[in-house]
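Here is a briefing on a predicted model. Please look over the structure first, then read the points by topic.

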Amino acid sequence: MTIIKQPSCNDSFEQGAITVAEAVSGILAATPVIAEYQKRPLRDCLHGILFDDIKSPCEVPAHNNSAMDGYALWSADLPVTSSRPFQVIGTAFAGKPFSGSCQKNQCVRIMTGAMLPPNTDTIVIQEDVRVLDAEHVEIGVGHRKNQNLRFAGEDIQQGATVLKKGSAINAAELGVLASLGINEMPIYRKPRVSFFSTGDELKSLGETLQTGEIYDSNRYSLYGLLSSCNVDIIDMGVVRDEPETIRQTLLAAARCSDVILTSGGVSVGEADYIKAILQDIGSMDFWKILMKPGRPLTSGRIDDALFFGLPGNPVAVMVTFYQFVLPCLKKLRGLPHKEVLTLKARTQTAIRKNPGRREFQRAIASTDADGNLQVALTGKQGSGILTSMSQANCLMVLGEECGPVEAGSQVDIQFFTHYFD
Ligand code: AMP
Ligand code: MG
């Protein structure tokens, strides 16, 4: 009798399995950039990706202006050997310039942001003068030409590329664009992502659980993850393990989405139908990935929609989303690919691990008394223990070649927040 061994999550190495990096490259190679844009008002562009370079229509600041409250004068008139009185001939406010011309032994009271009056090129701050009377101040020695000025164009030159195509529009970019007077710009169309859960054991919230049933949590963690991705989200609910229903749902999703995500039903169990259906209505790659959690992953395509069949286990869903779905969504959205920021931290816990697979352990990073990064595991690391994701602020990433890790050694960590950068 021959015993045929099916691949299992417990295999540490197996033939035909690929690394996480190989899976990411394969996914990126199969992912197009959505070459469509929409012109949107500035605020609506928040978290969008620029479809075009933005060139500045003007200089920022638009004119030489004061960086401080004080007195504007001509540098050639600055006292060199001893203090001297100056006549205050007027006041320049931000937005209300003073147009009179400043002569020898004269100065102009000036506020921060006010345009420099004619014949002045230097500001003496108000703390450095002595007020003699309503119209005179005394200015001392030691001042420099051009001090406390902001020059026209020192931040942005007219015609300069301020933001490149592919830049993410976040809070600072909204401010920069507003400072240029730009209130509409082209951004990449958002990808439309539909998702559903599969499994006869799953109930939606609000339903009563029968024996053996569980609430569908994956749709909620996926909703949370997708909400940080600036995509349009289409929640298609729970689908039972019935081939025809799964097929119809996939076809409906393909008609309205750029990406389809499912969770569950992609391993080798008897109710795992997704792969066969996908092969029938589209194309399918089944990957055994040298990783933990999240070993089985199905990717593919139905017409123009990209498909990811994520595992069912709640932690594996989130980890595979971070590793594979996010790079795909970023590329679709028009963001250039970049590696997730990986930091070194000293592990406070010893870790059992065999070489062969890349492991993503849930961990809590903090700083020690010297301000150095340290990291501790959250506790049990089973792929069904979703509270480990909630306690963790990062993933500890242990490479394929890494074996057991002693407490005190340096390990790689990736903060959850950095995955979205
Ligand atoms: P499967 O890949 O369908 O065999 O599912 C693997 C494990 O994940 C099983 O214990 C399922 O009950 C669980 N699971 C699958 N889908 C979900 C879901 N949407 N929410 C919570 N647990 C799930
Ligand atoms: Mg299932």
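Pro61 sits in the loop between strand E2 (54-55) and strand E3 (65-66). Helices (H or I, at least four residues) and strands (E, at least two) are DSSP runs, numbered from the N terminus. The peptide bond from Val60 to Pro61 is cis, with omega near -10°.

This is a predicted model, in which local features need pLDDT of at least 70 and side-chain atom pairs count only at pLDDT 80 or more, while totals for chains, interfaces and linings use all residues. Residues are numbered from 1 along each chain as its sequence is written, chains are lettered from A and ligands numbered from 1 in the order in which they are written, and side-chain values use heavy atoms, with hydrogens and water left out.

**Backbone geometry**

- Most residues other than glycine have a negative phi, and most peptide bonds are trans.
- A cis peptide bond also joins Lys292 and Pro293, where omega is about -5°.
- Pro293 is found in the loop between strand E19 (291-292) and strand E20 (296-302).
- Asn119 has a positive phi, near 65°, and is not a glycine.
- The loop that holds Asn119 runs between strand E6 (106-110) and E7.
- Asn119 is partly exposed, with a relative accessible area of 37%.
- Buried means under 20% relative accessible area, exposed over 50%, and partly exposed in between (1.4 Å probe, protein chains only).
- Asn230 also has a positive phi, near 50°.
- Asn230 lies in the loop between helix H3 (218-227) and strand E16 (232-239).
- Asn230 counts as buried, at 18% relative accessibility.

**A buried glutamate**

- Glu400 belongs to the loop between strand E25 (394-398) and strand E26 (410-415).
- Glu400 counts as buried, at 15% relative accessibility.
- The side chain of Glu400 makes a polar contact with the side chain of Arg358, at 3.1 Å.
- A polar contact is a pair of N or O atoms within 3.5 Å; within protein, one must be able to donate a hydrogen and the other to accept it, and residues adjacent in sequence count only if both atoms are side-chain atoms.

**Sheet with E7 and E8 at the edges**

- An open sheet of 6 strands has the order E7-E4-E6-E5-E9-E8, with mixed pairing.
- Strand E7 (122-125) and strand E8 (129-133) are the edge strands, and each pairs on one side only.
- From one strand to the next, the twist averages 40°.
- Axes are lines fitted to C-alpha atoms, for helices over the stretch in contact, and angles run from 0 to 180 degrees between N-to-C directions.
- Two strands pair if DSSP finds at least two bridges between them.
- Strand E5 (residues 84-92) and strand E9 (residues 136-139) run antiparallel and are joined by 4 bridges.
- Phe86 has Val137 as its bridge partner in E9.

- Strand E13 (residues 192-198) pairs with E16 in the parallel sense over 6 bridges.
- Ser194 has Ile234 as its bridge partner in E16.
- Ser197 stands opposite Val238 in E16.
- On E17, the bridge partner of Ser197 is Ser263.
- E13 and strand E17 (residues 259-263) run parallel, joined by 5 bridges.
- E13 is mostly covered, with 6 of its 7 residues buried.

**Ligand 1**

- Ligand 1 is surrounded by 15 residues (a residue is near a molecule if one of its heavy atoms lies within 4 Å of it).
- The closest are Glu201, Asp216, Ser217, Asn218 and Gly265.
- The shell divides into 4 nonpolar, 9 polar and 2 charged residues.
- Ala, Val, Leu, Ile, Met, Phe, Trp, Tyr, Cys and Pro count as nonpolar, Asp, Glu, Lys and Arg as charged, and the others, Gly among them, as polar.
- A nitrogen atom of ligand 1 is 3.1 Å from a polar backbone atom of Ser217.
- An oxygen atom of ligand 1 lies 2.8 Å from a polar backbone atom of Gly265.
- For Asn313, a polar backbone atom is 3.3 Å from an oxygen atom of ligand 1.
- On its own, ligand 1 has 480 Å² of accessible area, of which the protein covers 76%.
- Accessible areas come from the Shrake-Rupley method with a 1.4 Å probe; for residues, only the protein chains shown count as cover.
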